[in-house]
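Q: Please go through the labels attached to this model and say what each one rests on. Give the value, then the cut-off, then the conclusion.

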Amino acid sequence: MKKLLMALIIMTASVLQLYIATLRNFEVNIGATSMTAGEAKALDIVARDIDGAIKTDFNGTVRLSATVGYVSVTATGTAGVVDNFTGGVWHGDMSILGAGSVVTLTATDDATGTTGTTAVEVLAGPYSKLLMIMEGMTWAPGTDTGYTGYAVTQTTGITSTFYVTAYACDAYYNTVTAGYPRVRITSSIPAAYMSITPSSTVDLSADMKANTLFAVSVYPVPDASIFATLSLADVDTPPLKHDQTLFFASLTDYFIWAEAPLTVRAGSPFSVTVKVSHFVPPSMGGSGATIIGFNEPVEIRAVDNVTRLDANPGLLPAATPQLVTLNGAATFNNLIYWKRALDINHAIRIRPAGIGATAMSNANNNSRDSNYIEVFSAEPDSFSTSVAKSKIAKNEQTTLSVTVFDAYYNPVSDTAVTFNITSGEGSIDAGTATKTVTVNTDFYGTASVPYSYSSNAKACITAASAGIPGFMTMTVETGTILSKDLISNYPNPFNPSSPDPGKRKTTFEYYLENDTAVKLSLYSISGSLVWSKDFAPGSIGGRTGDNPVEWNGVTNLNTVVAAGVYILKVEVDAAGGKYSRTRKIAVKK
């Protein structure tokens, strides 16, 4: 009974603790009903639990936001972030930068999304800035620039008109309510080619409002693409102005570009769209609008991301497929590229070209090329195995490796490979007693594990890769390894004239650290050459590891060697330099 009662008490305490810990909302209080944009005002934020009590253990990060513009915390200068609550309460100064008759300030907990709000009137500050807003831009009071978006590219070659709204603003791009200036807009383009209406000064105080509309008309001559600057200026205070640079595109200019996916998988089909426009490509700030009625042939090819030369290999099924655009656009489907990009430098881009009657303005410019495309390996299809040293000394370590490939012989990374000792002894995985281990392939498609054993033995290790049926076997022999300083022969002595054919020869054995050229020479005790033989690198006698070479006692003159003591000389032409070793050989009769 006591145990049950104790359990109930503990459970009740746990539930109560959870109940108390739940954050319900924030109580947000500003020490004023009205304030000016950018003015620091005291702010209190109180964390409340579900009972309405102060949640004293709250110490999370809270973000402040307003329905108009940014919020700045005075103490930190950050954009509305507070995180130093004390006893569930935060107190400090903050500023709301956007103006409005009712601006809602919201406090939001980063972790839970719990909120609290309050409302305040925010008045615009005194006049101190000018702002132009035109097509493609949206007025955004209370922000760093006062707008979002970008001015749309306009055209030359035809008479066209666009509109510019001029604003008289405070320091945070809120429109002012007093102190209206006199303004005008001018252009870097001569008046003969562009008109601005009204062309004279506009007195904003006449209408008691902080904005006015200007109409800008571009004439068809000259018909050439050009950058121009529009300037909105306070005629009475010249330093106060706002400049906006615009690109005016000629309808006699033709720009081509390709749009491609960011990633593709080797051997898998993908699509690329080619577009033609009077405007520069989107990568240069163009609108991306294609030309209605432009129906000419285009072609594409794969190019190297860095050199921009033709990629090797090219696209499949054709290296340079062609299509005819419809209203300035053509989509190439079922394209194939199969070579994996080991890094961004080896990625590809798609380069379009117009092959019709119209010359492209960016025909020799990299702006026509698509974004770079990273090509990833396809699914695992095959694998190969390798052993760093197939014969090792006791307690020596060798490395077993498996490289996984897709159907296009690209290495496949992050693929599970299982190594398993199926016969013999030894251990994988850094000398532990482990006989089976699974590791993933690295970026280059290779999985490696160490193997070692403390006694003479021969082991077979199988390797299998996820997604690929079957396995492959590697063999490692552990035993006595001759150093490069030693030469052995057995039997020694030997009798080339023995009645037993099996005893008429001897075996010289030596160890090489690398494949290299080797020359064996046998001399009499007086120094005369009796027998010699050369071995090419990689052949038995010149390969890495043990090299057993049999000699039947027959000299270079095709006679049987006489009984006596001879000197065997092994000359090695290694990459690190030439060296030689000698050994005495006994022949008996």
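Q: Which strands each supply at least two residues of the lining of the largest pocket?
A: In this predicted model, those strands are β12 (147-149) and β20 (241-250). The largest share, four residues, comes from β20.

Q: What makes a residue part of the lining of a pocket?
A: A lining residue has an atom within 4 Å of a pocket point. For the largest pocket, 15 residues line it, and A151, T153, T245, F247 and G285 lie nearest its centre. The volume of the largest pocket is about 230 Å³.

Q: What is the make-up of the lining of the second largest pocket?
A: Seven residues are nonpolar, three are polar and five are charged. The second largest pocket is lined by 15 residues, with R265, R340, F376, S377 and S413 nearest its centre. Arg counts as charged, Phe as nonpolar. The volume of the second largest pocket is about 200 Å³.

Q: Why is L342 called partly exposed?
A: The relative accessibility of L342 is 36%. Buried means under 20% and exposed means over 50%, with partly exposed in between, so L342 at 36% is partly exposed. L342 is found in the loop between β26 (329-335) and β27 (348-354).

Q: Is T138 buried, partly exposed or exposed, and why?
A: T138 has a relative accessible area of 48%. Exposed requires over 50%, so T138 is classed as partly exposed. T138 lies in strand β11 (residues 137-139). From T138 to L43 there are 95 residues in sequence and 31 Å in space, C-alpha to C-alpha.

Q: How do you know that N334 is exposed?
A: N334 has 55% relative accessibility. The cut-off for exposed is over 50%, so N334 counts as exposed. N334 is in strand β26, and its phi is near 60°, a positive value in a residue other than glycine.

Q: Why is N558 called exposed?
A: The value for N558 is 65%. Exposed means over 50%, so N558 falls in that class. Phi of N558 is also positive, about 65°, although N558 is not a glycine. The residue sits in the loop between β42 (545-551) and β43 (564-574).

Q: Which peptide bonds are cis, and at what omega?
A: The bond from T197 to P198 is cis, with omega near -5°. Another cis peptide bond joins N492 and P493, where omega is about 10°. P198 is in the loop between β16 (194-197) and β17 (202-203), and P493 is in the loop between β38 (487-490) and β39 (506-512).

Q: How do you know that K41 and E39 form a salt bridge?
A: Their closest N and O atoms are 3.4 Å apart. A salt bridge needs a side-chain nitrogen of Lys or Arg within 4 Å of a carboxyl oxygen of Asp or Glu, so the pair qualifies. K41 has a relative accessible area of 19%, and under 20% means buried. E39 at 30% is partly exposed.

Q: What makes K519 and D534 a salt bridge?
A: The closest N and O atoms of K519 and D534 are 3.5 Å apart, and the limit is within 4 Å. The pair links distant parts of the chain, with K519 in strand β40 (residues 517-524) and D534 in strand β41 (residues 529-535), 15 residues apart. K519 is partly exposed at 29%, while D534 is exposed at 53%.

Q: How many salt bridges does the structure hold?
A: It holds 15.

Notes: Residues are numbered from 1 along each chain as its sequence is written. This is a predicted model: local features need pLDDT of at least 70, side-chain atom pairs count only at pLDDT 80 or more; totals for chains, interfaces and linings use all residues. Side-chain values use heavy atoms; hydrogens and water are left out. On a 1 Å grid over the protein atoms alone, a cavity is a set of points where a 1.4 Å probe fits but cannot get out, and a pocket is an open set with protein on both sides within 12 Å along at least five of seven lines; lining residues have an atom within 4 Å of a point. Grid points are joined across faces, edges and corners, and a volume is the space filled by probe spheres set on the points. Buried means under 20% relative accessible area, exposed over 50%, partly exposed in between (1.4 Å probe, protein chains only).
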